Amino acid sequence: MTSTSLPDSLIATLPGSSYTDPEIFAQEQERIFETMWFCVARASELAKPGAFRTVDVGRESILVTRARDNSVRAYFNVCRHRGAKLCTEETGEVKRAFQCPYHAWTYDLNGKLVAAPNLTKMPDVGRTEYGLVSVAVREWLGYVWVCLAENPPSFEEDVIGEVIARLGDVESIERYDIENLSVGKRIVYDVKANWKLIIENFMECYHCATIHPELTEVLPEFADGYAAQYYVGHGAEFGDDVQGFTVDGSEGLDRIPGVAEDQDRRYYAITVKPQVFINLVPDHVIFHRMYPVSVDRTVVECDWLYLPHVVESGKDVSRSVELFHRVNQQDFDACERTQPGMSSRMYAKGGVLVPSEHHIGAFHDWVNERLGTPQG
Ligand code: FES
Ligand SMILES: [Fe+2]
């Protein structure tokens with residue numbers, strides 16, 4: 001990438017164009033987002049059969065819904081007749097079928113073509129053959145993941161494997177019972193930055209002392225700049241005088257019963273490439289999904305998950321939410337401040353990673369590998 005040799009302490013980043021070139025973004029859509037497992041929704045959003053959500057995955061619009069048998073289904077949101085966008089709303093509910101707003105071809109929740117004007121006069125048209133085209137779906141941790149690849153990679157290796165690589169084993173995350181937690185708060189951020197800047201930011205804590213005063217108050221070791229993601233299995237310990245993972249260190253909500261003694265009073269962060277961040281603390285889980293919109297814009301949806309009785313009883317979760325909401329704002333502001341520099345002449349060859357950020361180099365290698373970019 002660069003021929004000038006760097007001091008041993010530094011590793012080169014990706015070049016600026018990686019964050020600004022629409023062609024590179026198009027390659028990422030094709031070789032990353034349309035090929036890997038992509039988290040699209042909280043399963044509870046699809047509360048009953050006919051509830052749906054549409055999500056852009058790479059360059060495709062995907063329709064996610066729940067069928068009569070309660071299983072989650074996902075389809076290309078494209079009418080088989082002449083290609084109109086079948087479902088134009090982002091969320092909603094149909095009774096038993098999706099009807100195309102153009103010529104009224106109608107598909108049931110299993111994707112089968114069940115009605116169309118004059119369909120009875122076309123007995124040779126196969127109802128399944130001309131049904132919606134489905135994509136692979138998995139549910140894990142109470143979230144719905146889809147994969148647009150014809151032959152999806154192993155979910156166990158790619159998704160669950162990432163969590164195991166970070167925490168050491170799968171039981172460590174299962175103890176939080178994320179599947180059965182309730183959404184206490186959801187905030188959607190529209191970030192004017194490339195998705196990789198957001199991932200890189202999440203992976204390091206070199207910036208924590210500078211921009212996260214509240215977080216470093218709660219997790220004093222973050223002031224040293226070593227992220228929880230730096231060491232396998234490591235969770236950052238709460239400060240001695242901190243009662244809970246809240247904006248002012250005051251007491252949190254009811255602790256998730258399965259959380260082990262050695263996980264108590266600790267914060268764990270996991271990046272599941274390409275677009276999920278999971279944050280674990282004893283009384284809640286913060287679950288981020290990134291939806292890359294364009295080379296310089298990413299929508300981030302963030303859920304705060306608590307024990308169901310905490311949410312149902314209407315307990316005040318605001319101090320708990322406020323801590324990571326501030327962290328999000330501080331991080332996304334930093335990413336937005338960085339995005340313009342990516343197109344500076346000065347940054348054409350990229351920047352550098354200091355030792356506490358060296359693990360980001362592995363992320364860059366991974367991006368290059370996915371895109372088939374020659375390295376060296
Ligand atoms: S394009 Fe959908 S019914 Fe014609
Ligand atoms: Fe941060």
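This is a predicted model: local features need pLDDT of at least 70, side-chain atom pairs count only at pLDDT 80 or more; totals for chains, interfaces and linings use all residues.
**Around arginine 138**
- Arginine 138 sits in strand β10, which covers residues 136-140.
- Setting aside neighbours within four places in sequence, arginine 138 is in contact with Trp37, Trp145 and Phe155.
- Arginine 73 is 65 residues away from arginine 138 in sequence, yet their C-alpha atoms are 9.1 Å apart.

**The sheet**
- β10 belongs to an open sheet of 3 strands, ordered β2-β11-β10 with antiparallel pairing.
- β2 and β10 are the edge strands with a single partner each, so one side of each has no neighbour in the sheet.
- On average, neighbouring strands here are turned by 30° against each other, ignoring direction.
- Strand β11 (residues 143-147) and β2 pair in the antiparallel sense over 4 bridges.
- Alanine 41 has valine 144 in β11 as its bridge partner.

**The two domains**
- The chain splits into domain 1 (38-147) and domain 2 (170-366), and their C-alpha centres lie 33 Å apart.
- Domain 1 puts 7 residues into the contact and domain 2 puts in 9.
- On the domain 1 side, strand β2 (residues 38-42) supplies the largest share, with 3 residues.
- That side of domain 1 is made up of 3 nonpolar, 2 polar and 2 charged residues.

How values were computed
Residues are numbered from 1 along each chain as its sequence is written. Chains are lettered from A and ligands numbered from 1 in the order in which they are written. Helices (H or I, at least four residues) and strands (E, at least two) are DSSP runs, numbered from the N terminus. Two residues are in contact if their C-beta atoms, placed from the backbone, lie within 7 Å. Domain bounds come from an automatic or database domain assignment. Ala, Val, Leu, Ile, Met, Phe, Trp, Tyr, Cys and Pro count as nonpolar, Asp, Glu, Lys and Arg as charged, and the others, Gly among them, as polar. Two strands pair if DSSP finds at least two bridges between them. Axes are lines fitted to C-alpha atoms, for helices over the stretch in contact, and angles run from 0 to 180 degrees between N-to-C directions.
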